[in-house]
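Subject: Structure handover

Hello,

Here is the structure I said I would pass on. Please look it over first; notes on what was found in it follow below.

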Amino acid sequence: MPPTIQQIIEHQIEQCTPHEQRLLHAASVEGMEFSAEAVAAALGDKAERIAARCQKLVERRHFLQPAGYRRISGGRQIYLFGFTHAMYQSTCYQLVPDELRARLHKRLAEYIESFDGAGILKPAAWLAMHFDRGMEQVQALKYYLEAAGKANSRYAGPEAEAMARRGLELIRLLPRNSDLMAQEMSLFIAFGTAMMSRRGIGSEEVSRAFNQARDLFDHLDQPLRSSQKNLLFSALNGLWHFHWVRAEYAEARNLAENLMRLAKDLADPSMLQQAH
């Protein structure tokens, strides 16, 4: 953004009342588009009061504009607002102090997570981002893993890679325990699956990801190993694909036999089909 334009926008923000500035800061944390309810939850205010202030800002034609509505459960409508330009949203976001920004991200994530109305929930990637920037790494991990899985199911390799990679970065910041290793194993499986579409089934990134997942399984405590054999199956299945396409048939055969034993042990028809 050109510095002169940013200075103009900052001057316009300074002309707003303290309440309006707080509103714009919280709205910028939500994104280019937001609801009065979400901003109210972030600020601990009433939605009606936030909506009225948003409407006044719309009338000035600088910062905000109407963005339609969403119909949620019970037939109720939630009206949406949006920034008139990304430069306004970006400038407002940059002006939020770091500690306050993290707190707003956390409150927004908790609001979105608890809201059960159809049509207002954000994707898992959105929740992961809010919890991540809200310094809630454990909750962020849960949604990065969910987002990576959903992206892989849509064959959205780049998105799945980004979600899994960020999840793995967060895990390195947390104390190690068996539950966390199971999540790390799932993230490596998601990452390996993404690499199959991004780099090719026979790429070294695929082998490394699924091997790391397999190695992590050996470090799980015994009760968790018994309940997470499906993760081991996914890791071995990924490695089977890697060795098969590279014509490494002896290793592929060995992996297939391990897959068959696992599938029979779990009595899972889908796994048995894959193992056969």
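A crossing of two helices is called left-handed if the near helix is turned anticlockwise from the far one by less than a right angle, and right-handed if clockwise. Helices here are DSSP runs (H or I, at least four residues), numbered from the N terminus.

The model is predicted, so local features need pLDDT of at least 70 and side-chain atom pairs count only at pLDDT 80 or more, while totals for chains, interfaces and linings use all residues. Residues are numbered from 1 along each chain as its sequence is written, and side-chain values use heavy atoms, with hydrogens and water left out.

Helix packing

H8 passes H9 in a left-handed crossing. Helix H8 (residues 137-153) packs with H9 at an angle of about 155°, and their axes are 8 Å apart (axes are lines fitted to C-alpha atoms, for helices over the stretch in contact, and angles run from 0 to 180 degrees between N-to-C directions). H8 and H9 are therefore roughly antiparallel (the term is used for angles over 145 degrees, and roughly perpendicular for 65 to 115). On the H8 side the contact (heavy atoms within 4.5 Å) includes Leu-141 and Tyr-144, and on the H9 side it includes Met-163 and Leu-170. By class, this contact has eleven nonpolar, three polar and two charged residues (Ala, Val, Leu, Ile, Met, Phe, Trp, Tyr, Cys and Pro count as nonpolar, Asp, Glu, Lys and Arg as charged, and the others, Gly among them, as polar).

Helix H2 (residues 18-30) and helix H4 (residues 47-60) cross at roughly 95°, and their axes come within 11 Å. H2 and H4 are therefore roughly perpendicular to each other. His-19, Glu-20, Leu-23 and Leu-24 of H2 make the contact with Ile-50, Arg-53, Cys-54, Leu-57 and Arg-60 of H4.

Largest pocket

The largest pocket has a volume of about 190 Å³ (a pocket is an open set of points on a 1 Å grid where a 1.4 Å probe fits, with protein on both sides within 12 Å along at least five of seven lines; lining residues have an atom within 4 Å of a point). Helices H9 (157-171), H10 (178-199) and H11 (204-217) each supply at least two lining residues, and H11 gives the most, with four. The lining has four nonpolar, one polar and six charged residues; among them are Arg-165, Phe-188 and Gln-212.

Gln-228 lies in the loop between helix H12 (222-227) and helix H13 (229-245). Not counting residues up to four places away in sequence, Gln-228 touches Phe-217 and Leu-220.

Regards

Note on methods
Grid points are joined across faces, edges and corners, and a volume is the space filled by probe spheres set on the points. Angles under 35 degrees count as roughly parallel, over 145 as roughly antiparallel, 65 to 115 as roughly perpendicular and the rest as oblique.
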